[in-house]
Amino acid sequence: MTYDLYIGDFAYSSWSLRGWLLFRHLGLKPNLHLVDFSTSSVADQIPDMAPARTVPCMRTPEGTPVWESLAMAEELHDRHPDGGLWPSDPTARALGRALAAEMNAGFSALRTECPMNLRTAYRAVDLSDDTRADIARIEKIWSFARNKYADQGPWLLGTYSIADIAYAPVAARFAGYDVALSDTAQAYVDTHLNDTMFRQWRTMSLVTGKTLPWYAKPFDTKPWPGPTPQPAKPVETGPSVNATCPFTGGTPAWFLEYKGQIYGFENKLCRDETVQDPEAWPAFIAIT
Ligand SMILES: N[C@@H](CCC(=O)N[C@@H](CS)C(=O)NCC(=O)O)C(=O)O
């Protein structure tokens, strides 16, 4: 028995990103179930998870449905106390809990006006006063944490924690909506944009699911402000320099060209995600 994890669209579901990061950070591989945002309601697509009606939601190995990302986070922390979801230092953990809770309960102007959209970055976005107030509050609490834990690492509490998982989609929104930030806040956003797990999720968002027009905004666009991916392109045929897929160990059937060499993957999806940002995938980089 293992966990089941239900998530929504990779490009648009900010809460799902949080749920996925929890499991990824723990190194757990749940049975993943994808909910399609382009069809019926989320609740209609997850009847076996009732009364949960939003994503992310998880089913514990013994069968209990858990919805609300913060409830999932705390439950996973309790079940995997050595997994590093919260720091062992109670002072840092207390602050982290306040930061994460404020995110889950608030910032509705920012969330409404700037829905996460990992497929697009806008430039010179004119934001409402309410959203600017949310941004100012986030900058204030981020800098409080960063000033306290700057010497322990680049994350809110120094090391990566549930607090950072809570704010990963906020970093994505600040990046995607061209929000001008203090140096401290911008450095924290850049830490997310450079994070391997975040980059992996973004590659998935670029190759999975439809582009949904109701998330589009009438602003000029710009290239995604994260690290520029190393160039890679899909190619039709091998042979590949690798005999087995770096992700599955299976026989290569799908190929890409990277730095003048052909590499093979068992599945098209693995190949396509790697093309988007090869360096996001350490198992691939290890064979290059
Ligand atoms: N507070 C919830 C929010 C979850 C949420 O709103 N998820 C959205 C997708 S990003 C959803 O499932 N919406 C479906 C709906 O509201 O019907 C959490 O922390 O998990």
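**View 1. The exposed face of α4.** Pro90, Thr91, Ala94 and Ala105 are exposed residues on the face of α4 that is turned away from its buried side. Helices are DSSP runs (H or I, at least four residues), numbered from the N terminus. This is a predicted model, in which local features need pLDDT of at least 70, side-chain atom pairs count only at pLDDT 80 or more, and totals for chains, interfaces and linings use all residues. Residues are numbered from 1 along each chain as its sequence is written.

**View 2. The buried face of α4.** Turn now to Ala92, Leu95, Gly96, Leu99, Ala100 and Met103, which are buried in α4. Seen down the helix axis, the buried residues of α4 fall within an arc of 130 degrees (taken from the directions from the axis to the C-beta atoms), so they line one face. An α-helix has 3.6 residues a turn, so residues three or four places apart point the same way. The buried residues of α4 pack against α3 (69–79), α6 (129–149) and α7; contact means C-beta atoms, placed from the backbone, within 7 Å.

**View 3. Where α7 meets α8.** Ala168, Ala171, Phe174 and Ala175 of α7 meet Tyr188, Val189, His192 and Leu193 of α8.

Definitions and conventions:
Two residues are in contact if their C-beta atoms, placed from the backbone, lie within 7 Å. Helices (H or I, at least four residues) and strands (E, at least two) are DSSP runs, numbered from the N terminus. A residue is buried if 20 or more other C-beta atoms lie within 10 Å of its own, exposed if 12 or fewer, and partly exposed in between; C-beta atoms are placed from the backbone.
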